[in-house]
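Reader: I am new to reading protein models. Could you take me through some features, one at a time?

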Amino acid sequence: MTDFWSFLLQTLTASGVGALLLCVKAMFRDKLSPRWQFGVWGVLALILLLPAGWGGRYVLVNWPLWVEALKSALTGQFGTLTKVTAPVPLPPPAPPATVFDWLFLAYVLGVAVLLVLRYAASYVRLRLALRKGRPAQMERVRAVAERYGLPVCPAVEVDGLPTAFICGVLRPVLALPAGRETDEKVILHELLHLKYKDVAWGWGIAFFRCLHWCNPLLWYCADRAGNDLESLCDQRVLERLEGEDRRDYGRILLSMADEKYARTPGTSSAANGGKNIARRIQAIARFKRYPAGMALASVCVALVLAVPLVAGAQADGDCPAVGGTDIIMAYARTTPCTTYAGAFDTYAKAVLTQHFGYRAMCAPLSEQNTLAEQGWRLRPADWRWPEVSWKSKVDCSNGYEIYNLTPAGEDAYEGLLVFTLYSPPNGEQWSGVTAERWLAVQKLRAEREGERWVVIPQETIRAVPGDQRMGSNLGLPCRMYEAQYGDWLIQARWQTLASVNSQVQSSNSFWNMTSFDDVPKPRAQFDRGRRQYQFWAVYTGAAEDKGSYASIGLTARPVYGEGDREPRPIDPEYLDTDSSGGSSWGDSFGSHVLDYDWGDRVFLSGGGDGMDWGADGAYLAPASYRAALYLDGKWAAELELLPAEGGEWIEP
């Protein structure tokens, strides 16, 4: 905890768990043993030790959301994220500058004062008082220890003590009242504290009390935990006594009330104040030996409580579409994108829906204030669609795709966001070309920012015409491979596509429907991927020689490494026909008859195959293509198509 807000998040999270445990303990007060009643406080101890909000999770209530919303409302700032780096106060990174910085400083001083001036000073005062005592006779102490099989420690007699107690963890001492004989049952009680290291538990309770000194609910929980520790010791005493000794123990317990050293850390008098004796007397009156089966029940109840509380819940991506800016921005900051695929998916759906909260989920924290103040829109103004929504222009049945996703250094990826449009923008017309479509595209970069993934646009959104007839889209960048043979330049275009599956199936008695779920998935992985390619032959010879060619064919195979096989030959029956095909290995063949006024570019074949983006190197392009060229129905040459000059991704 380094500021007021991180302390608030930590103490609220613990308070919710404390309140739940108090309710559950009240339900099982008469049903589960004192061992469970004290042991279940370990769940709260785990919550107090774990930094609140770790891994983007919350416990019971989405406290990170409400703390962020409160912080934004009171400070007007959206560009910081409350994070608990440690469950204890740490030095703030800068001198106090705001009222909340001063409040945190006051909290830290309160922790120091309570820990040092109250508890530590009380313990030192007690140790000094014990030094003035004189060694006690050990015969009765050893006799009790031997009778019940308990450890012993040095004992001293001190004037003015109302009752006995154990003091110290590493070098414990049994303090006994001077001038009167201590009952054996009291000695038994204290030796049981010694055996089970209850003094150390008392130190832990005091430590958490200091950390949350301004939280009355957690103070009450600390009081109850201390009293449950004493009740557990009482239970252990009663299990070793019989008959009249048990009935006599309650009377003796009244003499153990110690207001002078009550709740002094480092001693077993931590809960012996008179106010707690009544509860302990009631517990003794309810004493019973719990059957063996109840031990299993106790463990089960504790696990049912502990596992979901410690694991917490993960915030989802359904940021509210309506509501105040404070709550929307708080939701966005507390629902980070934990994968680069989730960041791309969130950004794509922010573009689709124009939801500035979605954009904030995947935006750098440095841009949050601007998003909140100015709003956010990605629809280009010059597309002139004022009468309809941007979303209505996008073919949502196709969702979106990230083309040419490529690593861009450590913890960074770049790709091209692509939407298919229903109609051309800004007065553009369809050209009439078969399979033509208009696309909305934008270059993006996703990179890690701490535990978040954020998306940084590399350009404004733009519209481009595309042609997606078989495989790669001609309107988008690609990796180009080329080889020249005589009058022909053979080209291969290679692209990748990736997206998060957001298709939702619905049906009724008449039809089945597929719709696009535009809610972000900030923790998603790419589960839809594809490699796709096209092969073209470009005529580079003299125009008057075009008539000398009757057909052209090609068979090709990608080369990723050593040992890749040669491409298979084209079946002779396809050589003088218009045909094409391929395989899941990336093999491709195509043949085209040149029996009409053909242009200088001849499409040969195209296709693609699925890919697993989780596999190492799935995005790697082939090093080259091995190909066999056929002219006029005969084999002409073996070719190696190498990457073309001009960069890794060539614009169309």
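Author: Start with a loop. In this predicted model, L60 lies in the loop between β1 (57-58) and α4.

Reader: What is the phi of L60, and is L60 buried or exposed, or partly exposed?

Author: L60 has a positive phi of about 65°, although it is not a glycine. Its relative accessible area is 48%, so L60 is partly exposed. The cut-off for exposed is over 50%.

Reader: Which loop holds D632?

Author: D632 sits in the loop between β21 (624-631) and β22 (634-643). D632 is not a glycine, yet its phi is positive, at about 55°. With a relative accessible area of 33%, D632 is partly exposed.

Reader: Is T339 buried or exposed?

Author: Its relative accessibility is 11%, and buried means under 20%, so T339 counts as buried. T339 lies in the loop between α13 (325-333) and α14 (340-353). Leaving out residues up to four places away in sequence, T339 touches W453, P522, R523, A524 and Q525.

Reader: Now helices. How do I read a packed pair?

Author: Two packed helices are described by the angle between their axes and the distance between the axes. Take helix α1 (residues 4-27) and helix α9 (residues 216-240). They pack at an angle of about 45°, and their axes are 9 Å apart. Angles under 35 degrees count as roughly parallel, and 65 to 115 as roughly perpendicular. Therefore α1 and α9 are oblique to each other.

Reader: Which way does α1 pass α9, and which residues make the contact?

Author: The crossing of α1 past α9 is left-handed. From α1, the contact uses T11, A14, S15, G18, A19, L22 and K25. From α9 come L217, L218, Y220, C221, R224 and D228. By class, this contact of α1 with α9 has seven nonpolar, three polar and three charged residues.

Reader: At what angle do α1 and α4 cross?

Author: The axes of α1 and α4 cross at roughly 145° and come within 10 Å. Here α1 passes α4 in a right-handed crossing. On the α1 side, the contact is made by W5, L8, L9, L12 and T13. On the α4 side, it is made by W63, P64, V67, L70, K71, L74 and T75. The contact of α1 with α4 divides into nine nonpolar residues, two polar and one charged.

Reader: What should I look for in a core?

Author: In soluble globular proteins, nonpolar side chains tend to be buried together. The largest nonpolar core here has 41 residues. Among them, V17, L21, W41, V43, L44 and Y107 touch the most other members.

Reader: Which helices supply at least two residues of this core?

Author: α1, α2 (34-39), α3 (41-49), α4 (63-75), α5 (99-131), α8 (198-211), α9 and α12 (292-311) each do. α1 gives the most to this core, with 10 residues.

Reader: What does W41 touch?

Author: Residues up to four places away in sequence are not counted. W41 then touches L21, L22, K25, C221, R224, A225 and D228. A second, separate core has 30 residues, including F344, C362, Y400 and L417.

Reader: How many helices and strands are there in the protein chain?

Author: The protein chain has 16 helices and 22 strands. Of its 652 residues, 50% count as buried. Now take the contacts with a separation of 6 or more: residues 24 or more positions apart account for 71% of them.

Conventions:
Residues numbered from 1 in each chain as written. Predicted model: local features only at pLDDT ≥ 70, side-chain atom pairs only at ≥ 80, totals over all residues. Heavy atoms only, no water. Axes fitted to C-alpha atoms, helices over the stretch in contact; angles between N-to-C directions. Helix = DSSP H or I, 4+ residues; strand = E, 2+ residues; numbered from the N terminus. Parallel < 35°, antiparallel > 145°, perpendicular 65-115°, else oblique. Left-handed = near helix turned anticlockwise from the far one by under 90°. Contact = heavy atoms within 4.5 Å. Nonpolar A, V, L, I, M, F, W, Y, C, P; charged D, E, K, R; others polar. Core = buried A, V, L, I, M, F, W, Y, C linked by side-chain atoms within 4.5 Å. Buried < 20%, exposed > 50% of the residue type's maximum accessible area, 1.4 Å probe, protein only.
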